[in-house]
Amino acid sequence: MTTCAGGCHCRKVRFLAEGAPKFVTRCHCESCRKTTGAAFSTWVGFKTDAVRWTGEAPAFYASSTGVKRGYCRDCGVPLSYESDKWPGERHFLIGVFDDPRAFTPTGDYLREDSLAWVKT
Ligand SMILES: [Zn+2]
Ligand SMILES: [Zn+2]
């Protein structure tokens with residue numbers, strides 16, 4: 001089975017994801033924009049039981065009720081997203097994988113909230 005590793009910039013927070021992701025999708029919502037600083041976010045979603053933290057555990061920020069966004073408390077890099085809306089899943093930002101080229105987005109979420117110049 002394929003195992004994909006990733007982590008934050010300072011390498012204190014690390015994770016492993018087993019197997020193929022459930023989805024790879026760009027999200028154009030304002031909450032992702034504000035919490036990552038990027039125009040849109042590309043998420044790689046796994047079942048929670050297919051992923052585990054291997055370095056230090058991240059800190060979590062509740063960007064809204066029922067949402068946990070994981071980030072490194074030392075280097076500040078945002079890594080993950082979990083929500084009561086999608087129970088049993090943990091989503092990682094594509095850029096924190098050691099080999100982000102392994103994934104290609106296949107869809108867009110909340111396209112209508114995207115910045116006007118974003119082409120998908
Ligand atoms: Zn870090
Ligand atoms: Zn979003």
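Biologist: Where does R11 lie, and why is R11 called exposed or buried?

Modeller: R11 sits in the loop between β1 (3-7) and β2 (14-18), where strands are DSSP runs (E, at least two residues) numbered from the N terminus. A residue is buried if 20 or more other C-beta atoms, placed from the backbone, lie within 10 Å of its own, exposed if 12 or fewer, and partly exposed in between; R11 has 12 such neighbours, and therefore counts as exposed. This is a predicted model, in which local features need pLDDT of at least 70, side-chain atom pairs count only at pLDDT 80 or more, and totals for chains, interfaces and linings use all residues. Residues are numbered from 1 along each chain as its sequence is written, while chains are lettered from A and ligands numbered from 1 in the order in which they are written.

Biologist: What makes the phi of R11 worth a remark?

Modeller: Most residues other than glycine have a negative phi. The phi of R11, however, is positive, near 70 degrees.

Biologist: How do you know which residues L93 touches?

Modeller: Contact requires C-beta atoms, placed from the backbone, within 7 Å; leaving out residues up to four places away in sequence, L93 touches T36, S41, T42, W43, P78 and L79.

Notes:
Contact = placed C-beta atoms within 7 Å. Helix = DSSP H or I, 4+ residues; strand = E, 2+ residues; numbered from the N terminus.
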